[in-house]
Amino acid sequence: MSTEQNTRIGIVGVGGIGTNVHIPGLQAVERCKITAICDSNKERLQIVGDQLQLPQSRRFCDYHDLIACADVDAVEVCTPNDQHAPIAIATLAAGKPVNIEKPVALNLAQANEMLQAQKAAGLPAMVCFSYRFMPAVRYAYELLRQGALGQLLSVNVAYLKDSGLIPGRKMEWRFQKEHAGTGVLGDLGAHLVDMTRLLIGEFQAVCGAAGVVVKQRPWPDREGMGTVDTDDYCMFMAKLQGDVNGLFTITRCAPGHSNTILFDVYGTRGTLSFNLNQPEKLGMGGKELCPDEPKLHFVDVPARYHAAQEQTFVNAVRGELGSLLPTLEDGVRCQQVLDAVLQSSAENRWVQW
């Protein structure tokens with residue numbers, strides 16, 4: 001399509017991630033317009049539709065109708081995980097690019113179906129691995145590509161939240177395996193897996209353990225308690241290409257942490273470190289990497305490493321495939337790791353491929 005025309009986006013799912021991340025992200029893109037929305041919650045649909053000043057004819061309860069809408073050039077999938085695959089496959093079959101929230105699917109089999117649909121359609125399909133757009137991540141990527149750390153030795157990664165301990169938090173789809181597939185492993189850990197693949201390389205084996213802390217939660221719409229069957233925490237070790245060892249900690253039961261991501265890479269020449277609560281800072285240390293200041297210290301990331309997720313997707317719809325765009329194949333590779341960690345936890349052993 002011409003870059004002089006508005007790129008028209010339809011959003012399926014206008015809950016938290018859709019309204020707090022995707023809508024403002026798209027509104028910041030030049031020559032881009034949100035032309036339709038879809039949600040099974042009719043009240044939510046009307047609230048967001050009014051905010052976007054959309055006509056009633058562009059507010060859908062059935063995603064098939066949004067996909068078929070002539071005023072939609074591409075679709076963003078911001079639904080619970082169990083809906084990712086059917087919506088994405090239907091979108092691609094209709095000849096429209098798609099941007100999918102992570103994790104890409106409930107399991108590897110679904111993810112592979114999505115990838116086959118994308119290959120058959122020959123259209124852009126992006127996955128929302130949002131943190132690869134952070135300046136510190138992109139700066140670290142460039143330094144690692146240049147071999148700044150020498151031989152890579154190990155990586156230590158953590159994603160910490162306290163959202164699982166919010167007093168009185170009710171049952172929702174994230175706590176139900178049939179809708180989410182996994183708990184924090186897919187919701188949070190998918191980001192860590194993607195960043196590690198980007199910065200270090202492919203996973204070769206994992207050994208993990210996952211569990212539930214808050215085992216029951218009150219139903220939001222009826223009496224009684226529901227049983228939580230998705231993980232509140234997950235820890236795993238990994239063997240990565242290049243004989244690099246990894247240690248991963250993921251939890252939604254870490255008091256005091258609203259959304260903390262820590263990433264340390266150690267090599268023979270030095271260390272790179274970032275905390276994405278400060279995404280424009282990158283830590284460096286080591287006598288060879290930083291001879292004038294060998295102790296770990298933080299530097300400002302140059303402006304050229306800044307990027308925006310929604311701009312990247314809209315560019316792809318326009319035929320401009322930018323660097324580090326997270327593809328559906330990246331989503332499949334990530335899902336392979338998530339499935340293996342779950343298998344490892346269930347069988348209490350290393351899983352390799």
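Student: Let's start with two phenylalanines: are F263 and F274 buried or exposed?
Tutor: The cut-offs are under 20% relative accessible area for buried, over 50% for exposed and partly exposed in between, using a 1.4 Å probe and protein chains only. By that scale, F263 and F274 are each buried.

Student: Before we go on, what kind of model is this?
Tutor: Residues are numbered from 1 along each chain as its sequence is written, and side-chain values use heavy atoms, with hydrogens and water left out. Local features need pLDDT of at least 70, side-chain atom pairs count only at pLDDT 80 or more, and totals for chains, interfaces and linings use all residues, as the model is predicted.

Student: OK, how many aromatic pairs are there?
Tutor: Rings of Phe, Tyr and Trp (its six-membered ring) pair if their centres lie within 6.5 Å; planes under 30 degrees apart are stacked, over 60 edge-to-face, and the rest tilted. By this rule the aromatic pairs number five.

Student: Why do we call F263 and F274 stacked?
Tutor: A pair of aromatic rings is described by the distance of the centres and the angle of the planes. For F263 and F274 the centres are 5.1 Å apart and the planes meet at 15°, so the pair is stacked.

Student: Which parts does that pair tie together?
Tutor: Strands (E, at least two residues) and helices (H or I, at least four) are DSSP runs numbered from the N terminus. Since F263 and F274 sit 11 residues apart in sequence in two such runs, the pair ties together β13 (residues 260-267) and β14 (residues 271-275).

Student: Where do those strands sit, and which strands are at the edges of the sheet?
Tutor: Two strands pair if DSSP finds at least two bridges between them. Nine strands form an open sheet with mixed pairing, ordered β16-β15-β14-β13-β7-β12-β11-β8-β17. Pairing on one side only marks the edge strands, β16 (297-300) and β17 (351-352).

Student: Which residue of β16 is the bridge partner of K281?
Tutor: Strand β15 (residues 281-285) and β16 run antiparallel, joined by four bridges. In β16, K281 is partnered by D300.

Student: Which residue of the β11 and β12 hairpin takes a positive phi?
Tutor: β12 (residues 244-251) pairs with β11 in the antiparallel sense over eight bridges, with A238 partnered by G246. Between the two strands lie three residues, and the positive phi, near 80°, belongs to G242.

Student: Which ring lies under the charged end of K239?
Tutor: A charge sits over a ring if NZ of Lys or CZ of Arg is within 6 Å of the ring centre and within 35 degrees of the ring normal. R222 does this over W219, 3.8 Å from the ring centre. For K239, 4.9 Å from the centre, the ring is that of W350.

Student: Which element gives the largest share of its lining?
Tutor: Of 48 lining residues, the closest to the centre of the largest pocket are G16, I17, C78, W173 and R174. Five lining residues, the largest share, come from α1.

Student: And how much space lies in the largest cavity?
Tutor: There is one cavity of 30 Å³ or more, and its lining includes W173, R174 and D187. The space in the largest cavity is about 50 Å³.

Note on methods:
1 Å grid on protein atoms, 1.4 Å probe; cavity = no way out; pocket = protein on both sides within 12 Å on 5 of 7 lines; lining within 4 Å. Points joined across faces, edges and corners; volume = space filled by probe spheres on them.
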